[in-house]
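Hello,

Here is the structure I promised to pass on. Please open it first; my notes follow below.

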Amino acid sequence: MTPEFKQELLKVRAEARLLYSQAQLDDAVRRMATEITARYADLNPLLLTVMNGGVVFAGRLLPELDFPLEVDYLHASRYGAATTGSTLHWRVSPGTNLAGRHVLILDDILDVGATLLAIAAACEEQGALSVATAVLVDKVHDRKAEPGLKADFTGVETEDAYLFGGGMDYKGYWRNAPGIFAVEDNA
Ligand SMILES: O=P(O)(O)OC[C@H]1O[C@H](OP(=O)(O)OP(=O)(O)O)[C@H](O)[C@@H]1O
Ligand SMILES: Nc1nc2[nH]cnc2c(=O)[nH]1
């Protein structure tokens, strides 16, 4: 890492606006866990984490779900380290056979929604019995891939800014930031 890039990272972190604290996120995740438990406790679901962004959310959610379930992951990305999305690139497909399974996809954010729609379609093609989505953050704007697109389970809603923390990155960094932060335009 160059000294200039390190300075940029520290400046972005220092100047970012806190939208949700870690405590507020933990409350939202516990509420989601109650909803997910009500729906899936008797369905032997397969929870699929979308890497990399979904890892923090999954890590917080899974210990709140005290019923039989399986966990796997997939890696698909359409942003890379950029702040605007393009085509979805599949890097790793789920190793588990999805045929006949109730699949719940876990990700950090529903922004445009192209990522989750493509992943859900791929799970259905592989024979999943049902496919639903759970996201920590839903970014509110009118650019959704389908009008009114929502996840089945949502933690918090945010304004239309570029976000980091809670698993989301700024140029590959700050996924570990404790809370959800908006990058300030002048950063
Ligand atoms: O709703 P969309 O506009 O499609 O964007 C949402 C996706 O973008 C981010 O992934 P990214 O492609 O940045 O990969 P990452 O998880 O490795 O950060 C995020 O983790 C979601 O998967
Ligand atoms: N880090 C990050 N990734 C995203 N993917 C889609 N929207 C966002 C965002 O606001 N921040």
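I began with the core. The largest nonpolar core has 43 residues, and Val103, Leu104, Ile105 and Leu106 touch the most other members. Bear in mind that this is a predicted model. Leu104 shows how the contacts run: beyond residues up to four places away in sequence, Leu104 touches Ile36, Tyr40, Pro45, Leu47, Ala132 and Ala134. In soluble globular proteins, nonpolar side chains tend to be buried together.

Leu136 sits in strand S6. Leu136 counts as buried because 31 other C-beta atoms lie within 10 Å, where 20 or more are required. Setting aside neighbours within four places in sequence, Leu136 is in contact with Leu25, Phe57, Asp108, Ile109, Gly155, Gly166 and Gly167. Leu136 and Ala151 are 15 residues apart in sequence, and their C-alpha atoms are 9.7 Å apart in space.

Next, helix H4 (114–125). Does the length of H4 agree with its residue count, or disagree? With 12 residues at 1.5 Å a residue, H4 should span 16 Å; the C-alpha atoms at its ends are 17 Å apart, which agrees. Which residues of H4 are buried? They are Thr115, Leu116, Ile119 and Cys123. Viewed down the axis of H4, the buried residues fall within an arc of 90°, so they line one face of the helix. The general rule is that an α-helix has 3.6 residues a turn, so residues three or four places apart point the same way. The buried residues of H4 pack against S2, strand S3 (70–77), S5 and strand S6 (130–139). Ala121 and Glu125, on the other side of H4, are exposed. Just after H4, Gly127 has a positive phi of about 90°.

Now the ligands. Ligand 1 is surrounded by 17 residues, and the closest are Gly53, Tyr79, Asp111, Val112 and Thr115. Strand S5 (102–110) and helix H4 each supply at least two residues of this shell. S5 gives the most, with four residues. By class, the shell around ligand 1 holds six nonpolar, six polar and five charged residues.

The shell around ligand 2 consists of Tyr79, Ile109, Asp111, Tyr162, Leu163, Phe164, Met168 and Asp169. Six of these are nonpolar, none polar and two charged.

Last, the backbone. Most residues other than glycine have a negative phi, and most peptide bonds are trans.

- Met51 and Asn52 are joined by a cis peptide bond, with omega about 0°. Asn52 lies in the loop between strand S2 (46–51) and helix H3 (54–61).
- Lys171 is not a glycine, yet has a positive phi of about 50°. Lys171 is in the loop between strand S8 (163–164) and strand S9 (179–182). Lys171 is partly exposed, with 14 other C-beta atoms within 10 Å.
- Trp174 is not a glycine either, and has a positive phi of about 65°. Trp174 is in the loop between S8 and S9. Trp174 is partly exposed, with 19 other C-beta atoms within 10 Å.

Over to you.

Best wishes

How values were computed
Residues are numbered from 1 along each chain as its sequence is written. Chains are lettered from A and ligands numbered from 1 in the order in which they are written. This is a predicted model: local features need pLDDT of at least 70, side-chain atom pairs count only at pLDDT 80 or more; totals for chains, interfaces and linings use all residues. A residue is near a molecule or strand if its C-beta atom, placed from the backbone, lies within 6 Å of it. Ala, Val, Leu, Ile, Met, Phe, Trp, Tyr, Cys and Pro count as nonpolar, Asp, Glu, Lys and Arg as charged, and the others, Gly among them, as polar. A residue is buried if 20 or more other C-beta atoms lie within 10 Å of its own, exposed if 12 or fewer, and partly exposed in between; C-beta atoms are placed from the backbone. A nonpolar core is a set of buried Ala, Val, Leu, Ile, Met, Phe, Trp, Tyr and Cys residues joined through C-beta atoms within 7 Å. Two residues are in contact if their C-beta atoms, placed from the backbone, lie within 7 Å. The expected span of a helix is 1.5 Å times one less than its number of residues. The arc is that of the directions from the helix axis to the C-beta atoms.
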